[in-house]
Amino acid sequence: MDWGQSLRLVGAEELFSVAGLILLLIAAWVGDKAARAISIATVAVLAAGAAFAAPALWHGLAGGPVSAFAGQYAGDAFSSFAKLLIYSAAGATLIVAPAFFDRTRSMRAEFPILVLFAVLGMGMMVSATSLMTLYIGLELNSLAAYVLASFARSDGRSAEAGLKYFVLGALASGILLFGMSLVYGFTGTVSFAGINAVLTGEISKGALFGVVFVLAGLAFKISAVPFHMWTPDVYEGAPTPVTMFFASAPKVAALALTMRVALDAFGNQAAAWQQIVIAVSLASIVVGALGAIGQRNIKRLLAYSSINNVGFMLIGLAAATPRGAAAMLVYLAIYVAMTIGGFVVVLMLKDADGEPVEDIAALAGLSRSRPGLAAAMAMVMFSLAGIPPLFGFWGKFVVFQAAVEANLVILAAVGIAASVIGAFYYLKVVKIMYFDEPAGRIAGKGDAAHGALLIIAALAISPLGYLLTRWLGSLAATAASALIA
């Protein structure tokens with residue numbers, strides 16, 4: 001094993017580990033008054049980490065060796081694509097968080113450090129090429145996430161969210177571990193390449209159970225039906241910047257990990273897991289859409305929207321082709337932009353006293369009192385619904401196209417029909433903002449950082465986003481090619 005090559009490939013993770021420990025010491029010595037400075041430093045560290053990760057994606061498949069630590073870690077184009085999305089989402093979270101927590105004087109120096117360690121775990125997840133690395137990265141991310149969910153210690157909803165997330169997360173980890181033990185027992189290896197080599201021909205019943213349990217554990221992490229029950233409660237109860245983080249960065253990491261496990265470790269047994277993914281995809285689309293219809297809290301509505309969008313992304317995975325994997329990555333990139341934009345708008349919904357407003361009914365008449373904010377929210381809603389010419393339409397289009405090319409015409413047809421259900425609750429929010437009598441509750445304003453992020457997200461999901469289709473498609477295809485030869 002070439003230690004120099006291995007240490008070079010994990011440069012971003014090394015940077016995050018050292019920086020996290022240094023910032024933790026600063027937080028212990030200086031206290032919470034250094035919280036903003038630590039947040040700024042963490043954003044800078046994330047930017048430096050992106051500089052470490054980006055070359056693998058730009059160089060594509062010609063960037064030299066990508067395997068590290070005897071095949072337990074891959075610094076390839078696929079992991080680089082996912083990491084850049086993760087770092088962007090985490091950076092956006094750290095930019096908007098201080099203003100939110102300063103309102104209740106609950107901004108603590110530990111917050112950006114927890115985000116950094118969660119990102120460290122996510123980086124290991126998307127680069128994992130071994131069941132051991134997979135689990136280490138998953139738990140490192142989860143341990144930080146449990147604390148983040150309950151970060152607002154004076155808020156009972158936040159404490160409840162953290163407890164629910166911890167209990168159900170522990171259950172999912174147990175399911176995943178059981179599946180991993182079965183896979184190891186029937187293949188004799190924890191390496192994805194080794195598992196793929198052994199699982200050829202007819203799969204044994206024991207190995208099939210292992211595959212099912214592993215996918216069930218990962219389904220919890222991506223909040224796919226029927227393992228979605230924690231999502232609305234955690235999204236509603238956690239502080240809004242944390243919810244924004246959960247809906248973006250960990251979602252990217254979990255979906256990328258699911259792709260790597262399904263297409264890399266179990267790639268020779270696509271027929272064994274394809275029907276499972278199709279069923280989970282359709283269930284997530286339908287349950288996410290129907291569950292959102294009766295919601296009165298905007299964060300719960302976005303939670304069900306997240307479940308719904310996961311279902312659409314899984315259509316790309318169900319195709320089990322390079323085109324399907326690339327389509328899934330394109331959708332994932334667009335989804336991150338839509339999610340950041342949506343939650344920045346939610347963070348800017350405040351009453352005259354600066355208190356957050358989460359009731360959908362309070363958005364009534366927002367187009368007259370805050371036309372710019374209402375327009376941004378309408379763009380996010382239309383884009384999430386997949387209505388052209390907004391960029392969210394392109395994400396749905398490419399996954400449906402990949403499904404049709406993989407002869408999954410019925411799946412694509414059902415997905416298109418089910419997307420109409422989802423359009424209802426997105427359009428309901430727009431109707432409330434533009435056609436209902438003003439409620440007069442939204443009076444507060446966001447700061448410059450919120451405005452800048454909102455403008456960037458709005459431009460990304462606007463029709464101008466189509467200018468990026470060739471570039472984004474090329475990067476996604478390069479990343480997918482690293483995963484599926």
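These legends describe close-up views of a predicted model.

**View 1. The largest pocket and its lining.**
The largest pocket has a volume of about 750 Å³. It is lined by 29 residues, and those closest to its centre are L84, L85, S88, A333 and V336. Helix 4 gives the most, with 8 residues. By class, the pocket lining has 27 nonpolar residues, 2 polar ones and no charged ones.

**View 2. The largest cavity.**
The model holds 2 cavities of 30 Å³ or more. The largest cavity has about 100 Å³ of space. Its lining is made up of M125, N141, S142, Y165, K221, W230, F246, P250, K251 and A254. Helix 6 (131-149) and helix 11 (240-265) each supply at least two of the lining residues. Helix 11 gives the most, with 4 residues. The lining of the largest cavity divides into 6 nonpolar, 2 polar and 2 charged residues.

**View 3. The second largest cavity.**
About 80 Å³ of space lies in the second largest cavity. Look for A247, L302, S305, S306, Y335, M338, T339, G342, F343 and L384, which line it. Helix 13 (298-319) and helix 14 each supply at least two residues of this lining. The largest share, 5 residues, comes from helix 14. In the lining of the second largest cavity, 6 residues are nonpolar, 4 are polar and none is charged.

**View 4. A nonpolar patch on the surface.**
Four residues, I455, L459, L464 and L467, form this patch. Together they have about 440 Å² of accessible area. L467 sits in the loop between helix 19 and helix 20. L467 counts as exposed because its relative accessibility is 70%, and the cut-off for exposed is over 50%.

F400 is part of helix 17 (residues 392-405). Its relative accessibility is 10%, so F400 counts as buried; the cut-off for buried is under 20%. Along the chain, F400 and G415 are 15 residues apart. Their C-alpha atoms are separated by 7.9 Å.

**View 5. Two cis peptide bonds.**
The peptide bond from V225 to P226 is cis, and its omega is near 10°. P226 lies in the loop between helix 9 (205-221) and helix 10 (231-237). A cis peptide bond also joins P388 and P389, with omega of about 10°. P389 is found in the loop between helix 16 (371-385) and helix 17.

A320 is not a glycine, yet its phi is positive, near 55°. A320 is in the loop between helix 13 and helix 14. Its relative accessible area is 25%, so A320 is partly exposed. N407 is not a glycine either, and its phi is positive at about 65°. N407 is placed in the loop between helix 17 and helix 18 (409-435). At 67% relative accessibility, N407 counts as exposed.

Key: Residues are numbered from 1 along each chain as its sequence is written. This is a predicted model: local features need pLDDT of at least 70, side-chain atom pairs count only at pLDDT 80 or more; totals for chains, interfaces and linings use all residues. Side-chain values use heavy atoms; hydrogens and water are left out. On a 1 Å grid over the protein atoms alone, a cavity is a set of points where a 1.4 Å probe fits but cannot get out, and a pocket is an open set with protein on both sides within 12 Å along at least five of seven lines; lining residues have an atom within 4 Å of a point. Grid points are joined across faces, edges and corners, and a volume is the space filled by probe spheres set on the points. Ala, Val, Leu, Ile, Met, Phe, Trp, Tyr, Cys and Pro count as nonpolar, Asp, Glu, Lys and Arg as charged, and the others, Gly among them, as polar. Patches are made of residues with over 30% relative accessible area and no salt bridge: like charges are joined within 9 Å, nonpolar side chains (Val, Leu, Ile, Met, Phe, Trp, Tyr) within 5 Å. Accessible areas come from the Shrake-Rupley method with a 1.4 Å probe; for residues, only the protein chains shown count as cover. A salt bridge is a side-chain nitrogen of Lys or Arg within 4 Å of a carboxyl oxygen of Asp or Glu. Buried means under 20% relative accessible area, exposed over 50%, partly exposed in between (1.4 Å probe, protein chains only).
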